[in-house]
Amino acid sequence: MRRRDFILVVGASAAVWPFAALAEQAGRLPTIGFLGTPSASFWTSYTAAFVQRLRELGWIDGRTIAIEYRWAEGRKERFGEIAAEFVRLKVDVIVTSGAAVTAAKQATAAIPIVFAIGADPVSSGHVASLARPGGNVTGLSLQASDVAGKRLELIREVMPALRRLAILANAGYPASVMEMAEIQSIARSLAYEVVRLEIQRAEDIEPAFASLRGGADALYVCSFDPLVNTNRVRINAFALEARLPTIFGEQLYVEAGGLMSYGPDIPDLFRRASEYVDKILRGVKPGDLPVEQPTKFDLVINLKTAKALSLTVPPTLLARADEVIE
């Protein structure tokens with residue numbers, strides 16, 4: 001280990017020592033309840049970023065802290081069950097995202113809750129305001145609807161003849177409903193015809209695509225939702241079969257065969273969520289920690305999918321991409 005890295009690790013460990021030492025004397029380590037909304041495999045890069053930043057801050061799983069992972073596998077009925085389990089376990093902080101925040105908040109008003117991904121925490125009632133969250137909840141907001149227009153601009157660069165846009169969203173997920181309304185409004189202001197594909201179960205996906213019957217030029221997918229996340233491979237397969245260029249909000253969809261994505265750097269949000277956890281474990285109240293917003297946004301393009309769709313991605317767009325999958 002380099003001397004500088006050694007000093008940083010020792011310094012961070014020393015800073016966290018009083019809390020950890022007191023916890024060990026009491027017979028337990030401070031514990032994080034990590035409620036993952038999709039499967040563990042979907043969030044591999046996110047949890048890795050979260051744990052790495054914790055280590056940098058001196059919180060090492062099994063030594064100075066314990067992390068209890070639970071995965072809802074895209075089933076929203078599991079959110080409440082897992083949150084209730086964390087309350088029984090008396091964890092010190094719950095880390096989660098999206099609609100699972102509601103379940104966690106309903107389960108406890110005492111245990112701090114940190115959301116690494118929050119679509120609209122104020123409208124969702126998770127916090128009183130971004131600057132002064134109040135209560136036991138805080139975290140990072142996605143600005144999901146704010147960048148919807150940018151995604152539409154990007155797909156228009158690939159599809160300049162775009163006239164009919166399909167929008168796929170989980171009608172049972174409030175953040176996706178809001179995003180669908182936002183992108184529909186923008187599309188109609190451009191005189192595009194809009195086709196809404198609303199799903200609420202995995203079984204709804206195939207009929208939704210069948211209803212198109214070739215009647216769309218591109219597909220906008222409201223991405224930050226456990227149901228859509230879990231079924232991303234199927235969605236991309238149906239889109240490719242229907243010859244539909246796709247635009248998403250997360251890179252993992254493009255890695256699973258989608259054409260393009262533009263949105264916040266999600267691993268970075270999970271790294272920053274670790275910093276909230278660190279402050280809370282040192283005694284800061286979650287209600288005093290302002291909700292922060294993304295600072296890094298990534299454009300990812302899958303040229304394999306473009307080739308399969310016989311599309312030419314403009315060189316100017318490729319030059320702006322943060323990552324190109326070839």
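**A loop residue and its surroundings**

Ala321 sits in the loop that links helix 13 (315-320) to strand 12 (323-325). The model is a predicted one, with a mean pLDDT of 90 for the chain. Of the residues, 90% reach a pLDDT of 70 or more. Two stretches fall below that: residues 1-18 stay under 50 and have eleven contacts beyond four places in sequence, while residues 20-25 also stay under 50 and have six such contacts.

Is Ala321 buried or exposed? Its relative accessible area is 17%, and the cut-off for buried is under 20%, so Ala321 counts as buried. Apart from neighbours within four places in sequence, Ala321 is in contact with Leu299 and Ile301. Leu299 is 22 residues away along the chain, yet the two C-alpha atoms are separated by 5.0 Å.

Lys90 lies in the loop between helix 3 (77-89) and strand 3. With a relative accessibility of 63%, Lys90 is exposed. Most residues other than glycine have a negative phi. The phi of Lys90, however, is positive, near 55 degrees. Arg243 also has a positive phi, near 60 degrees, and is placed in the loop between helix 9 and strand 9. Arg243 is partly exposed, at 44% relative accessibility.

Arg243 follows helix 9, which is the next element to look at. Within helix 9 (residues 232-241), the buried residues are Arg232, Ile235, Asn236, Phe238 and Ala239. Viewed down the helix axis, these residues fall within an arc of 165 degrees, so they line one face of helix 9. Val233 and Glu241 are exposed on the other side. Among the elements that cover the buried residues are strand 6 (164-170), helix 7 (205-210), strand 8 (218-221), helix 8 (226-230), strand 9 (246-248) and helix 10 (251-255).

Five strands form it in the order 2-1-3-4-5, with parallel pairing. Strand 2 (66-71) and strand 5 (137-141) are at the edges and have a single partner strand each, so one side of each has no neighbour in the sheet. From one strand to the next, the twist averages 15 degrees. Strand 1 and strand 2 run parallel and are joined by six bridges; Ile32 is opposite Ile67 in strand 2. Helix 2 (residues 44-56) packs on the sheet, where it touches strand 1, strand 2 and strand 3 (93-97), and its direction makes about 170 degrees with that of strand 2. Helix 11 (residues 266-281) packs on the sheet too, touching strand 1, strand 3, strand 4 (113-118) and strand 5. The direction of helix 11 makes about 165 degrees with that of strand 4.

Thr31 belongs to strand 1 (residues 31-36). Like Ala321, which is buried at 17%, Thr31 is buried, here with a relative accessible area of 10%. The Thr31 side chain reaches the backbone oxygen of Leu29 at 3.0 Å. Leaving out residues up to four places away in sequence, Thr31 touches Ala66, Glu68, Val91, Asp92 and Val93.

Terms used:
Residues numbered from 1 in each chain as written. Predicted model: local features only at pLDDT ≥ 70, side-chain atom pairs only at ≥ 80, totals over all residues. Heavy atoms only, no water. pLDDT = per-residue confidence, 0-100. Contact = heavy atoms within 4.5 Å. Helix = DSSP H or I, 4+ residues; strand = E, 2+ residues; numbered from the N terminus. Buried < 20%, exposed > 50% of the residue type's maximum accessible area, 1.4 Å probe, protein only. Polar contact = N/O pair within 3.5 Å; in protein donor to acceptor, adjacent residues only side chain to side chain. Pairing = 2+ DSSP bridges. Axes fitted to C-alpha atoms, helices over the stretch in contact; angles between N-to-C directions. Arc of directions from axis to C-beta.
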